Amino acid sequence: MGIIKLLDENTINKIAAGEVIEKPASIVKELVENSIDAGASEISVEVKGGGISYIRIVDNGKGINKEDMGIAFMRHATSKLSSEQELNKLVTLGFRGEALASIAAVSKVEMISKTHDSISGYRIYIEGGKIIEEGEYGCPEGTVVTIRDVFFNTPARLKFLKSESKESMYITDIMQNLAMSHSNISFKYISNGKLVFATRGDGDLKGVILAVYGKQIVKNLIDLNCSRDFITVKGYLGNSNISRGSRNYQSTFINGRYIKNKTITAAVEAAYKSMLTINKFPFFVLHIYVNPEFVDVNVHPAKAEVKFQDEQLIFKSIYHCVKDALISASHVPEIEDDRKEFIRNIQKVNYSQQKLDIKTDIETDKKYDGMIANENLTNSYELPRKDIPLNRNDDIYYEKDKTQYEPEGDRSISVGNYKIPNNFENEVTTKRVPKFGPLAVVGQIHFTYIIAEGPDDMYIIDQHAAHERIYYEKYLRDYKSFGMQKQNLIVPIVLEFSVSEKQAIFDNIEQFKRLGYEIEDFGGNSVALRCVPIIYGNPDPKVLFYEILEQINLNDKNVLSAIDKILYTMACKSAVKANDKLSYKEMVELIEQLRFCDNPYNCPHGRPTIIKMSYIELEKKFKRIQ
Ligand SMILES: Nc1ncnc2c1ncn2[C@@H]1O[C@H](COP(=O)(O)OP(=O)(O)O)[C@@H](O)[C@H]1O
Ligand SMILES: [Mg+2]
């Protein structure tokens, strides 16, 4: 007799439930998605004991007919999809017809529902997949689903659940994302008898973010609303005040569905790159709208992952949308008035032990050299304050700036009298406008910071960070326009590599060329560099080449991000350091170039380059005004 048997329906459901229903939070997600698909405008969710003992979802959606209710609990029973073609045009969250069957297989479920047209409602009670009771039931329009004792008949799964509080956190996480996915639905979420949050359902996403994350987050949001190529991106980006140590504060929705997708996360983070410090992740809530035909949601039973037809294009569009929004929202950060800290520090000082320690002999202390402001000190003060921007002609600086960045030699193409610049494809150079008004240099302190004044504020510039930003953008422009300045070597530099390193060099030969390298195979493990980029500050070309190769290897296929890091490295090596004495002219030049950067406010590593304090604030500090 054969030993292979077909499994009965109930066992199949129990096994399959493992894919869809991992934990109580998955039940909440599936049931709320059903309520959303049913067109509800109000959904209330109540859980007890982390959802293990009790989950109740109440909606005012269109309800289910009594004829359909039993069928709804069968595997692959769905009202949302009837043919394969429709899979490409899905607008509902559910379509696999698995959730109710899976939930019913591993818990005790009661469903009560009434449609608009039926006179009375209907109730069904199922335990472990078996219908125990059903019949007519008086109730208002809509659906109530109550789940008790999750995994009561699968003790092994029950054992794998985390503590009630942890499970409860998973549910909160899901509920937050569901609420943000549909700001037009009013959600109420109660856990162990306490209201966790409620949303208004008025379509205002910011209001939902306020309800789920609170005031501090909402105060630090940047609006995003952008259409590019075939997608529309709307939502909010967090500024650096609310960046986090993990990715838990990132939510992406595609056509109203909460999803996780590495391409999108990578694109957003790439756009933030030079604005956040290392190991910080941005806060964001993004709604992406795209023709359903371009995305496949049917790659995983929980439907949390999606595939795009063209991942590259998605990356590019999202990157630019986010980047543009961030740049236009950038500003010089205020010096924080940490009065409490200040008072605490003052109190710590023991005055009786303090002696006046002012050196009069400047010669003996080199440190004070940094404080001599400049040859033109008086000049900068003579400018009537309000006239500073007028006295300096922006156009002059603009012109000067342009020539500054012109690569050596004229490599532009002429068509008749019209000259096409050789870097016309380059977006960065086309928008060279100053991001803040001209500043008058006052001097350098600690050989590290430049003090400057504007009409209403005093500015402090970190010379290294600012210069790094200037070089980074210059190298980026040069790179994009094939214009990295390079130098032929009379004697080539011969370097040794492992087989895989050599392979990586020749796989990326095009990138190296753009960076200014001419590379030749020198036989065996060797490679000859015939030409190297001219990098200011003259870093050792061998060391630099190895660093570049390391970046390419580290970032594997993501050459774009490797190039970015390489350009940082080059910029960092080129920039003036802290403790470098600058002349007045150099400081003026540095600030002028900074003004014309695309993002003058942060160094490529995300640290601020410039901070300011208003004169009003100064006057308050000196108690001239209250
Ligand atoms: N809250 C609800 N209101 C109205 N109909 C519902 C609700 N929940 C489930 N249904 C019906 O039950 C069917 C099966 O649900 P489900 O198993 O989640 O599969 P799917 O959502 O993939 O269609 C749905 O297609 C829908 O017709
Ligand atoms: Mg469903």
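An oxygen atom of ligand 1 sits 2.8 Å from an N or O atom in the side chain of Asn34. That pair is a polar contact, meaning two N or O atoms within 3.5 Å; within protein, one must be able to donate a hydrogen and the other to accept it, and residues adjacent in sequence count only if both atoms are side-chain atoms. Thr78 uses a polar side-chain atom, 2.6 Å from a ligand oxygen. Ala99 uses a polar backbone atom, 3.3 Å from an oxygen of ligand 1. Taken alone, ligand 1 exposes 530 Å², and the protein buries 93% of that. Such areas come from the Shrake-Rupley method with a 1.4 Å probe; for residues, only the protein chains shown count as cover.

This is a predicted model: local features need pLDDT of at least 70, side-chain atom pairs count only at pLDDT 80 or more, and totals for chains, interfaces and linings use all residues. Residues are numbered from 1 along each chain as its sequence is written, chains are lettered from A and ligands numbered from 1 in the order written, and side-chain values use heavy atoms, without hydrogens or water.

Around ligand 1 there are 19 residues, each with a heavy atom within 4 Å of it. Asn34, Thr78, Ser79, Lys80 and Gly97 come nearest. By class, the shell holds 7 nonpolar, 8 polar and 4 charged residues. Helix H2 (24-37) and helix H4 (99-105) each supply at least two shell residues. Helices (H or I, at least four residues) and strands (E, at least two) are DSSP runs, numbered from the N terminus.

Now to the backbone. Most residues other than glycine have a negative phi.

| Residue | Phi | Relative accessible area |
|---|---|---|
| Phe447 | near 55° | 17%, buried |
| Asn579 | about 75° | 56%, exposed |

Buried means under 20% relative accessible area, exposed over 50%, and partly exposed in between (1.4 Å probe, protein chains only). Phe447 is in the loop between strand E18 (440-445) and strand E19 (449-453). Asn579 is in the loop between helix H20 (559-574) and helix H21 (584-595).

Which residue does the side chain of Asp462 join in a polar contact of 3.3 Å? The partner is Arg607. Asp462 belongs to strand E20 (residues 457-462). Asp462 is buried, with a relative accessible area of 14%.

Note on methods:
Ala, Val, Leu, Ile, Met, Phe, Trp, Tyr, Cys and Pro count as nonpolar, Asp, Glu, Lys and Arg as charged, and the others, Gly among them, as polar.
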